[in-house]
Amino acid sequence: MPTTPSPSPPAPAGPGGRVPTVLAWCAAVAHPFVLFVGMQAGPFRSTELRLFLTAVAVGLLLPLVRRRPEAALGVLLVGLFAASTTRPYAELTYLPVLAADACVGLLAARRPLLRVALPAAAVTLTVQIGSALYTTSGQDVFVTTVVALALALLTAGLLGHASRERRAHAAELRARTAAEAVTAERLRIARELHDVIAHSIGVIAIQAGVGRRVIDTQPAEARNALATIETTSRETLAGLRRTLGALRASAQDTRGHGAAPRDPAPGLADLDRLAASTADAGVRVEVRHLGDRDRSLPPEVDLAAYRIVQESLTNVVRHAGTPTCRVTVERGEDALLVEITDDGRPAKPGTAPVAPLAPLAPAAPASTGYGIVGMSERAALLGGRFSAGPRPGGGFHVTAVLPLPLPLSPPLPLAAPEPAREPASEPASETAQQGTPAP
């Protein structure tokens, strides 16, 4: 059995990883000596040269700061206190003090606050106050220096903590966005599976009940019911395969493994087949198409309209108790209108009618199921309007208005067309082609 190799420690990763670490530590060890010598060296004790050497000494710690900020801060404080004991000019300690504050801010941003950042800040402030004893003269100057050191260190710590909070907030937002994307994908899968299965299962249940009742008295009707069940179940299985195949293919596309072949999604062109399967369940569907039937629809609008009709017919078969219903599909200039109406059971007393169509407002469902909620969500996602509710004289009415993109107007000609010639010029040109002078 092959075993998974254990992860190796990061230090002995090879010469390419050890050499930079060794150089960083060597530069850090040289920092206190360079800083100490820099504050005392220079011809005629030149301040410019001392500032330059102090900056070089602080720069030696940068490679170690990226790897071990705690160790870099410790080396920096050692060099600062050692150099301060020589009583240099106070200006020469500004850069090391600011570098120590920056290390504390880095620790506050990367390390635990109570366990690392706060103790490091306390040690840093103590060393800086001890160094101020050698570089200041007079009690007032010392107190002012201590207050300035404390405020600078507090500012660095707050900036580091704010950076930590900002990163944590960004990570939380990314996690929340990923969770919302997963939830939306699950809802989409659930909606598609519901739309594929609900209609067919309703037809199968009704036909099974019919077959059970007439199997002894009318065997031919029982055989027809069984044939309808077989056909509907096969179509349902095919639809499930198409849906799952599309979902699997989209997942492969996301991971970059190529696309699998997909069958076309259903649309309004399949309404006749849907009406036939509904008729097998005992409900005759009258389908009317208004407007330009040959006008092409966006795929998402075509699928949403089909699913709305499918779910409405499923509700008619299950709950309406009527032998007929009407489906109207009207293609307008800027919207697609879908209406499903039946003359089923009258509305129960006290049932409030659904509010008129409102943009992006889901209609209140008339039952506790998810069908009307799903239809309302489909319309809202496309920026459309949806309404469903009982009719005053009995039955139920579903209306969906889905926006359509405006047709593109033909492009204007770039130049004006050449004016037509006089009719008499045509025979003249023919005569000229035959070699006869034109009149």
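Modeller: Start in helix H7, where Arg176 and Glu172 both sit, 4 residues apart, about one turn of the helix. Their side chains meet in a salt bridge, 3.0 Å from N to O. A salt bridge here is a side-chain nitrogen of Lys or Arg within 4 Å of a carboxyl oxygen of Asp or Glu. Helices (H or I, at least four residues) and strands (E, at least two) are DSSP runs, numbered from the N terminus.

Colleague: What sort of model is it, and how are residues numbered?
Modeller: It is a predicted model, where local features need pLDDT of at least 70 and side-chain atom pairs count only at pLDDT 80 or more, while totals for chains, interfaces and linings use all residues. Residues are numbered from 1 along each chain as its sequence is written, and side-chain values use heavy atoms, with hydrogens and water left out.

Colleague: How many salt bridges by that rule?
Modeller: The count comes to 4. One of them joins Glu70 and Arg111, with the closest N and O atoms 2.6 Å apart. That pair links distant parts of the chain: Glu70 is in helix H4 and Arg111 in the loop between H5 and H6, 41 residues apart.

Colleague: Switching to packing. How do H4 and H5 cross?
Modeller: At roughly 160°, with the axes coming within 10 Å. That makes H4 roughly antiparallel to H5, since angles over 145 degrees count as roughly antiparallel, under 35 as roughly parallel, 65 to 115 as roughly perpendicular and the rest as oblique. Axes are lines fitted to C-alpha atoms, for helices over the stretch in contact, and angles run from 0 to 180 degrees between N-to-C directions.

Colleague: And what about H4 with H6?
Modeller: Their axes are 9 Å apart, at an angle of about 15°. That makes H4 roughly parallel to H6.
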